[in-house]
Amino acid sequence: MEQKDLVLDKILQTIPAASPILVILDKDGVLDPFVENPEKAFVPELTRDAVNRLAGAPDTDVAIVSGRSVEQLKTLAGNLNVTYIGLHGNEKYDNQTRKYQRQPDPEIAEKIILLGKNLKKILAEKKLGNKGVILEVKNCAAAIHWRKAPELEQAVTDIFLKALSDQNLLADGKLSLQAGSMFLELKPNLYNKGSAAAELIRSKNYNHIVCIGDDQTDLSMMEAVKESGKPHTIVIVDSRINFPGAFRLDSPEEVKTLLSLLAAKRKTN
Ligand SMILES: [Mg+2]
């Protein structure tokens with residue numbers, strides 16, 4: 001058996017075949033690989049099939065917890081039978097009933113629209129869009145990416161911070177700034193991935209929690225899983241973060257295989 005198969009097998013052995021489980025998945029870097037343009041980060045068709053097969057297995061709930069907005073998740077991940085938790089927990093949408101269970105403050109939405117307009121104007125004036133800087137305005141959050149233009153990090157950071165300060169956006173504590181891998185993001189503050197994961201875990205009497213993530217913001221979910229005291233399986237994709245006791249997979253391709261195998265295991269028992 002290959003090394004990779006051994007790891008997948010070990011992971012599968014930790015997850016029960018029949019009792020109620022919750023599977024918490026990050027999207028970017030977990031279900032789909034890194035791409036230069038964040039708006040093109042689509043979940044591949046075969047991975048979508050695997051997620052839907054898993055979500056359709058008995059006593060198996062699946063949630064995608066992401067920094068993306070629910071709107072983006074619906075576009076990029078498609079019509080999955082899962083709960084979409086967007087904006088680091090600040091949005092919650094049941095894609096089976098097609099209903100929002102949580103949306104951020106509309107006042108925040110207005111402020112972000114204005115921020116988006118201001119930033120768009122500045123980026124156009126300085127021709128930074130042409131140089132590879134990407135502004136991502138989501139429902140109630142905004143991010144600026146320089147992954148295609150790493151040399152512009154300082155300039156882009158300065159522009160973003162000045163725009164936040166001009167609108168006084170960090171003053172009331174409702175929004176907070178988060179640094180990611182080659183991007184800065186302004187997001188609502190009420191929830192984070194950890195509190196969103198804790199809420200999901202509390203929502204039913206699950207006997208096992210599976211959590212798969214790949215970056216810094218996913219550590220709070222992993223912590224919430226551990227703190228729940230429930231039996232759990234934590235998987236890290238790629239190698240930028242560490243979490244005690246976590247298994248490691250190398251790529252979203254391997255996650256797809258794991259989800260397929262888990263779907264089969266849950267269905268036949
Ligand atoms: Mg990720």
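Author: A residue is called buried here if 20 or more other C-beta atoms lie within 10 Å of its own. By that count, 43% of the 269 residues of the protein chain are buried. The model is a predicted one.

Reader: How many helices and strands does the protein chain have?

Author: The secondary structure comes to 8 helices and 12 strands.

Reader: What makes the protein chain as compact as a globular protein of that length?

Author: The globule rule gives 18 Å for 269 residues, and the radius of gyration is 19 Å, close to that value, so the chain is as compact as a globular protein of that length. Along its principal axes the C-alpha trace spans about 60 × 35 × 30 Å. Among contacts with a separation of 6 or more, 61% join residues 24 or more positions apart.

Reader: How many residues of domain 1 are in contact with domain 2?

Author: 6 residues of domain 1 are in contact with 5 residues of domain 2. On the side of domain 1 that touches domain 2, the residues divide into no nonpolar, 3 polar and 3 charged.

Reader: Why is Glu 91 called buried?

Author: The cut-off is 20 or more other C-beta atoms within 10 Å. Glu 91 has 27 C-beta neighbours inside 10 Å, and therefore it counts as buried. Glu 91 is found in strand E4, residues 91–94. Leaving out residues up to four places away in sequence, Glu 91 touches Ser 69, Val 70, Ile 85, Gly 86, Arg 102, Gln 103 and Pro 104. Leu 115 is 24 residues from Glu 91 in sequence, and the two are 20 Å apart in space, C-alpha to C-alpha.

Reader: What is the order of the 8 strands in the open sheet, and what is the pairing?

Author: The order is E5-E4-E3-E2-E1-E10-E11-E12, and the pairing is mixed.

Reader: Which strands of this sheet are called edge strands?

Author: Two strands count as paired if DSSP finds at least two bridges between them. Strand E5 (99–102) and strand E12 (247–249) each pair on one side only, and they are the edge strands. Neighbouring strands of this sheet are turned by 20° against each other on average, direction ignored.

Reader: How do you know that E11 pairs with E10 and with E12?

Author: At least two bridges are needed. E10 and E11 run parallel and are joined by 5 bridges; E11 and E12 pair in the parallel sense over 3 bridges. In the second, Val 235 stands opposite Phe 247 in E12.

Reader: What makes E11 a mostly covered strand?

Author: 6 of its 6 residues are buried. Both faces of E11 are covered: one side has His 232, Ile 234 and Ile 236, and the other has Thr 233, Val 235 and Val 237, all of them buried.

Reader: Which residues of helix H7 are buried, and what covers them?

Author: In H7 (residues 219–227), the buried residues are Ser 220, Met 221, Met 222, Ala 224 and Val 225. An α-helix has 3.6 residues a turn, so residues three or four places apart point the same way. The cover for the buried residues of H7 includes strand E1 (21–25), strand E2 (60–65), helix H6 (193–202), strand E10 (208–213) and strand E11 (232–237). H7 lies across E1, E2, E10 and E11, running at about 165° to E10. After H7 comes Gly 229, whose phi is positive, near 75°.

Reader: Why is one side of E6 and of E8 left without a neighbour in the sheet?

Author: The sheet is open and has 4 strands in the order E6-E7-E9-E8, with antiparallel pairing. Strand E6 (134–138) and strand E8 (175–180) stand at its edges with a single partner strand each, so one side of each has no neighbour in the sheet. The twist averages 15° from one strand to the next.

Reader: How many bridges join E8 to E9?

Author: E8 is joined to strand E9 (residues 183–188) by 6 bridges, and the two run antiparallel. Ser 176 stands opposite Lys 187 in E9.

Reader: Which strands does helix H4 lie across?

Author: H4 (residues 106–125) lies across E6, strand E7 (141–145), E8 and E9, and runs at about 165° to E6.

Technical notes
Residues numbered from 1 in each chain as written. Predicted model: local features only at pLDDT ≥ 70, side-chain atom pairs only at ≥ 80, totals over all residues. Buried ≥ 20, exposed ≤ 12 C-beta atoms within 10 Å, placed from the backbone. Contact = placed C-beta atoms within 7 Å. Rg over C-alpha atoms; globule rule 2.2 N^0.38 Å. Nonpolar A, V, L, I, M, F, W, Y, C, P; charged D, E, K, R; others polar. Axes fitted to C-alpha atoms, helices over the stretch in contact; angles between N-to-C directions.
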